[in-house]
Amino acid sequence: FSKYLFGQIDSKNYEKTKQLFRPQSVMSFEGNNCQGPDKIVGLLKQWNQKYPQTKHEAEADCLPLPDGSKLLLLTGRRMDKDHPNKMKGVLVVCAAVLKKDKNWWVSNMIYRGEANGKNCPVDSLKIGVQFAEHFYKTYDGNHRQLAQAYSDHTIMKYEKDVCKGTQQIMIKLTKGLSDKWEEQKKSKLPFRSVQFETVKHDLRSIDLHPAGGKGCIMIMTTGKIAPDGSQQGCAFGEVLVIQTTMAGRLQYKDFAKSTEESVWSTELPT
């Protein structure tokens, strides 16, 4: 589906593109918001005036959402007249929520390439902005405090690794902890801990949509991530889906991915 989605955007076949959306579909494209197939196609047409020919190459990751829909995270590069080859291609992060009646369709889509900024379409989503800013501040200051935000129902996909529940997630995010856990438990984990002690996030964009179920907010962030004081860092894209539970606690699903990795199969610098 991800190949088909970007294929329609690149082909400029607007009638087929319309079929991917419904009247309730919402899109945020480079910080611009619209709803419904006609307005979505109109927004794409406007963008295509600047880039009449495009080619996207991206990898897709998928996780289920509370309401039964599917969350796609697409990361890769876009080639166009100003960025003619993969080396110079624009780093792209795209999140899409898929639902199904007779066919799969896109209920929510967020796309970021060149434009940066904070995009909170309605006041009711401001809690998502506050959550994201607090999340990364905590992550950069003392990542162990993130354990308070996770629950046993949280799913995190970090690059290619899937972690379920607070314990596995914190093992993943803490250097050397997977080795210690395996030594103590005499058992093997399906993933390894990260290879860095500390990390610094430089957020370039935050987009928010109501998506995934009752009380859910989808947050997509892009920016730079620099581990262990690195002066270079690399680009990353992340999607959080937070949900207020009956107890008023937030729980969420989490994608984390460096956008370079999806094209060059490299890992975060150590």
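**View 1. Lys 160 counts as exposed, at 57% relative accessibility.** In this predicted model, local features need pLDDT of at least 70 and side-chain atom pairs count only at pLDDT 80 or more, while totals for chains, interfaces and linings use all residues. Residues are numbered from 1 along each chain as its sequence is written, and side-chain values use heavy atoms, with hydrogens and water left out. The terms for accessibility are buried for under 20% relative accessible area, exposed for over 50% and partly exposed in between, with a 1.4 Å probe and protein chains only. Because Lys 160 lies in the loop between E8 and strand E9 (161-164) and Glu 59 in strand E3 (residues 55-64), the pair ties together parts that are 101 residues apart in sequence. Helices (H or I, at least four residues) and strands (E, at least two) are DSSP runs, numbered from the N terminus.

**View 2. A salt bridge joins the side chains of Asp 61 and Lys 157, at 2.9 Å from N to O.** Asp 61 belongs to strand E3 and Lys 157 to strand E8, so the pair ties together parts that are 96 residues apart in sequence. Asp 61 counts as buried at 8% relative accessibility, and Lys 157 is likewise buried, with a relative accessible area of 15%.

**View 3. Asp 67 and Lys 99 meet through their side chains in a salt bridge of 3.9 Å, N to O.** This pair links distant parts of the chain, with Asp 67 in the loop between E3 and strand E4 (70-79) and Lys 99 in strand E5 (residues 90-100), 32 residues apart. Asp 67 is partly exposed, with a relative accessible area of 37%, and Lys 99 is partly exposed at 31%.

**View 4. The rings of Phe 29 and Trp 47 belong to a cluster linked by ring pairs, which also includes Phe 6, Tyr 51 and Tyr 111.** A search of the whole structure finds nine aromatic pairs (rings of Phe, Tyr and Trp, the last by its six-membered ring, with centres within 6.5 Å; planes under 30 degrees apart count as stacked, over 60 as edge-to-face and the rest as tilted). The rings of Phe 29 and Trp 47 have centres 5.0 Å apart and planes at 65 degrees, so this pair is edge-to-face. Phe 29 lies in strand E1 (residues 21-29) and Trp 47 in helix H3 (residues 37-50), so the pair ties together parts that are 18 residues apart in sequence. The rings of Trp 47 and Tyr 111 have centres 6.1 Å apart and planes at 65 degrees, so this pair too is edge-to-face.

**View 5. The largest nonpolar core has 31 residues, and those with the most contacts inside it are Phe 135, Tyr 150, Leu 173 and Ile 219.** The largest share of this core, six residues, comes from H4. A second, separate core has 23 residues, among them Phe 21, Phe 29, Tyr 51 and Leu 74. A nonpolar core is a set of buried Ala, Val, Leu, Ile, Met, Phe, Trp, Tyr and Cys residues joined through side-chain atoms within 4.5 Å.

Methods
A salt bridge is a side-chain nitrogen of Lys or Arg within 4 Å of a carboxyl oxygen of Asp or Glu.
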